[in-house]
Amino acid sequence: MPDRPTSTEPPDAQLAFAAELRELRRRTYRKPTEESLARKMGCGRSTVSAILNGRRFPNWEHTAAFVDACGADPMKWRDRWLQASRQIEEAAKGRPSVFPQLPFIHVPEARQDALLAAHWYRNNREFYEAASARARQARSEIRVTYTRRYPPTQYTTPASAQYFRTILDWASEDSDDERSVRRIIGIPERDGVPDSDMLSWARRHHEESKHILTYEAGVLRWTAAADGLNMALIDDSVVFLAFSGGPRQKLNGFSVEDPTFMSYFAAYFDQLWAALQPLEKYLDAVDGSCTGRPAE
């Protein structure tokens with residue numbers, strides 16, 4: 001069934017359905033733009049605008065793609081779409097609808113009694129393997145932190161090395177998607193002097209990643225003599241949290257796939273990111289202080 005434009009005042013069922021789609025989009029973390037929705041739906045931006053304004057009733061394929069782009073389950077919208085479609089057809093024939101109005105579809109939101117389903121990872125290998133697998137499935141955005149006392153090269157599991165490689169590979173992959181990776185790197189300092197091992201790794205990492213236009217790194221000057229809480233936020237839905245222990249190689253954690261849970265950590269990440277110095281400028285400043293010349 002093609003999308004149906006209307007030349008007269010749209011029927012109430014069409015306007016109500018458009019209002020539900022607008023509400024779904026409004027409650028989606030990092031609300032998708034009309035351009036990104038159009039790409040997901042395989043149509044033009046003007047079509048998306050007409051659907052959201054109630055001037056055009058979407059076919060099921062466009063509806064399912066829209067709902068999926070907003071992180072919801074399309075099948076939960078199937079009955080509502082069918083009901084609206086039937087009511088619109090009856091209205092076009094001048095007949096009152098014989099179908100009862102379905103209740104408004106409540107999009108996911110936080111509830112006081114909500115239970116979160118977590119996936120638990122017992123060790124370094126399990127955590128990094130799961131995070132790598134999920135990163136390879138990312139659609140548009142990855143946000144990660146690395147705030148530890150030692151550089152990634154001083155951890156022994158192949159899974160951890162593969163995780164760092166996966167993030168850069170995903171960022172540099174040739175794709176029509178709008179991709180973005182932001183990494184917060186905590187560089188330990190004592191009395192204003194950065195840790196030499198971590199600084200050496202940061203320099204190598206910058207050389208390895210500076211040509212990737214979709215990748216950015218910022219530096220958090222880390223003065224605590226302990227690891228920080230590390231996280232990976234993938235798209236707008238899943239959070240990986242890593243907890244390191246006393247021994248250098250000990251790490252475990254969990255992941256939660258929930259948009260509301262995700263939004264709390266995303267807000268915290270963005271707060272940190274706004275205050276950070278880009279990795280390249282940080283390295284220039286450190287090199288300038290070492291040589292006695294001012295950083296450019």
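Just after helix α3, Gly54 takes a positive phi of about 85°; helices (H or I, at least four residues) and strands (E, at least two) are DSSP runs, numbered from the N terminus. The model is predicted, so local features need pLDDT of at least 70 and side-chain atom pairs count only at pLDDT 80 or more, while totals for chains, interfaces and linings use all residues. Residues are numbered from 1 along each chain as its sequence is written, and side-chain values use heavy atoms, with hydrogens and water left out.

Helix α3 itself (residues 45-52) is largely enclosed by the rest of the structure, because 6 of its 8 residues are buried, where buried means under 20% relative accessible area with a 1.4 Å probe and protein chains only. These buried residues are Thr47, Val48, Ser49, Ala50, Ile51 and Leu52, and they pack against α1 (12-26), α2, β2 (56-57) and α4 (60-69), contact being heavy atoms within 4.5 Å.

Strand β4 (residues 141-147) is likewise largely enclosed, since 7 of its 7 residues are buried. From β4, Glu141, Arg143, Thr145 and Thr147 point one way, whereas Ile142, Val144 and Tyr146 point the other way. In a regular strand the side chains alternate between the two faces of the sheet.

On pairing, which requires that DSSP finds at least two bridges between two strands, β4 runs parallel to β5 (residues 180-190) and is joined to it by 7 bridges, with Ile184 in β5 as the bridge partner of Thr145. β4 also pairs with β8 (residues 230-234) in the antiparallel sense over 3 bridges, and here Ile142 stands opposite Ile234.

Technical notes. Buried < 20%, exposed > 50% of the residue type's maximum accessible area, 1.4 Å probe, protein only.
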